[in-house]
Every structure is written in structure tokens, then in C-alpha cells.
Amino acid sequence: MRYNGDRVSGPVSRVGVVVNTTKRGIGGVVDQLVALVSGHGAEVLVCGNPEDGVSRTLVDEKTLVGESEILIALGGDGTILHAASLVQEKGTPILGVNLGRLGFLADSAPEELEDAIDRLIQGSYRVDERLALEATVGDTKAFSLNEIVIEKGVLARLIELKTWIGEVPVSSFWGNGLIVSTPTGSTSYSLSAGGPVLHPSLDSLIITPICPHSLSQRPLVVPADQQVRVQVVAEHVDII
């Protein structure tokens, strides 16, 4: 599936803000953002923790998702990923402003905020589509913009993982786990586990073994239109 926001034509009248309130000085950044957006005559909806110093009227996530035309994520990559999970069904475009240590997904820095807001409100921007994952375990489904991870849990034991691409078996190994990553997630956990970096526009997935007890198991890039099926074989149930 693709996380697909459509380009908004014309001025934006309502902007939603997702805030990582643990960042130092976040209150001042929010105040600056609200002033910039309000100066263009647009409404601002801020979602955050009222106990963390954000001096604005806050809305809940349901209101934020339902009423925002654009989301601005103030924080790091984790904040942007959280924002993406909120709008996975609606496909609202997200502008990331990096206040964290890592900013692979962020489009702007705080010092670029004024120019970014000007272009955003005027509709002078481009929306990049990103591939997303949907995982099914029994009756439970999960959405992820970056990766789905199967790990052995806290026990110092290996687990056996068998993997199929479509109906074709491709691997069987003992190890600590397995990562199925999108191109967006290729700079995250998969990279640390030895996986390649993929351009965000590629329709591909990366299957990366975690500490395989094998000399032959290496990361594998597969077409995104193929279903990846993983079977975990383990005597213990402490699997994440």
C-alpha cells in the first residue's frame, strides 16, 4: 500500500500541528508557528500534552485528523512517523520540522519555518508519496511507514524464521529476528542491521535478517507488490 497525500490546490485554511513536547524550547517554536500560520488567516489546531508547557488550546487526535488539511510535525523522525500513523486512512500531507537528533524525514529546520509556512499556505509545494506497510498477525493489523520488526524478545535464545515472497519460499534461518522495511525505513533499523539504503521513490521492500546464525543470509530487496509472509518457529512465546 502507499501512504498517499494528494497535493492541495489553493490556500490552506486549517493546519494541524503534532508536537513532541519533550523537546527543549518547544513552546517558543509552537508560538512562532501559530503566529506565522495565523498571519496568513489560517486556523491552527495543536495536538500535544497540556502539562508540557505548550501555551495553546489543544485538541485531541481525532479532532486533529478530522479537521486538518495539512499536518506539521514538530520534533524528530519519531514525531513524523507518529503523525503518519494518525492520518494513515485519510492521507493528509505532512510537513516535518526537525527538532530532533535525526531528521531523515524532515523537510525543514526551525530557521526555515517562515519560508516553509509561506509556501505551504499558498499551496506552493509538492507532496511526495511514500510506501507504507500493513502487517497482519492473526486478527490484529498494524500500519507502519518505516518497518515491521519480528524479534526474539528478551530471552537469550534464537528463533527460527521462515520467509515466503508470495508463494515462493526464500529463506529459513536461526537468528534474533527479521526486519521488513520500506524505502523510508531503509535509513533506520534495517540500515543498522546491514541493509541497503533505498531511494524513497522505489516500489521495493527490504527483508533484513537480524543477527542470523548463518553465513548465507543477507538483506534482500523485493518488489513491493509481493506479499511477504513470515513464520516464526520457537519453543518459547516471548516474541515481539
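## Starting with glutamate 43

Is glutamate 43 buried, partly exposed or exposed? Its relative accessibility is 36%, so glutamate 43 counts as partly exposed. Keep in mind as you look around that this is a predicted model.

What does the side chain of glutamate 43 meet in a salt bridge? The partner is arginine 14, with 3.0 Å from N to O. Glutamate 43 sits in strand S3 (residues 43-47) and arginine 14 in strand S2 (residues 14-19), so this pair ties together parts that are 29 residues apart in sequence.

## Arginine 14 has another partner

Arginine 14 is partly exposed too, because its relative accessibility is 27%. Its side chain also meets that of glutamate 67 in a salt bridge, this time at 3.7 Å, N to O. Glutamate 67 belongs to helix H2 (residues 61-67) while arginine 14 is in strand S2, so here the parts being tied together are 53 residues apart in sequence. With a relative accessibility of 38%, glutamate 67 counts as partly exposed.

Now hop over to arginine 126 and aspartate 128. Their side chains meet in a salt bridge as well, at 2.2 Å from N to O. How accessible are the two partners? Arginine 126 has a relative accessible area of 66%, so it is exposed. Aspartate 128 comes in at 40% relative accessibility and therefore counts as partly exposed.

And which residues do shared partners join into one network? That would be Arg14, Glu43 and Glu67, linked by their salt bridges. The count for the model comes to 3 salt bridges.

## A nonpolar patch on the surface

Which residues form a nonpolar patch on the surface? They are Val168, Val170 and Leu220, and together they have about 220 Å² of accessible area.

You can find valine 170 in strand S11, which covers residues 168-175. Valine 170 has 38% relative accessibility, so it counts as partly exposed.

Note on methods:
Residues are numbered from 1 along each chain as its sequence is written. This is a predicted model: local features need pLDDT of at least 70, side-chain atom pairs count only at pLDDT 80 or more; totals for chains, interfaces and linings use all residues. Side-chain values use heavy atoms; hydrogens and water are left out. Patches are made of residues with over 30% relative accessible area and no salt bridge: like charges are joined within 9 Å, nonpolar side chains (Val, Leu, Ile, Met, Phe, Trp, Tyr) within 5 Å. Accessible areas come from the Shrake-Rupley method with a 1.4 Å probe; for residues, only the protein chains shown count as cover. A salt bridge is a side-chain nitrogen of Lys or Arg within 4 Å of a carboxyl oxygen of Asp or Glu. Helices (H or I, at least four residues) and strands (E, at least two) are DSSP runs, numbered from the N terminus. Buried means under 20% relative accessible area, exposed over 50%, partly exposed in between (1.4 Å probe, protein chains only).
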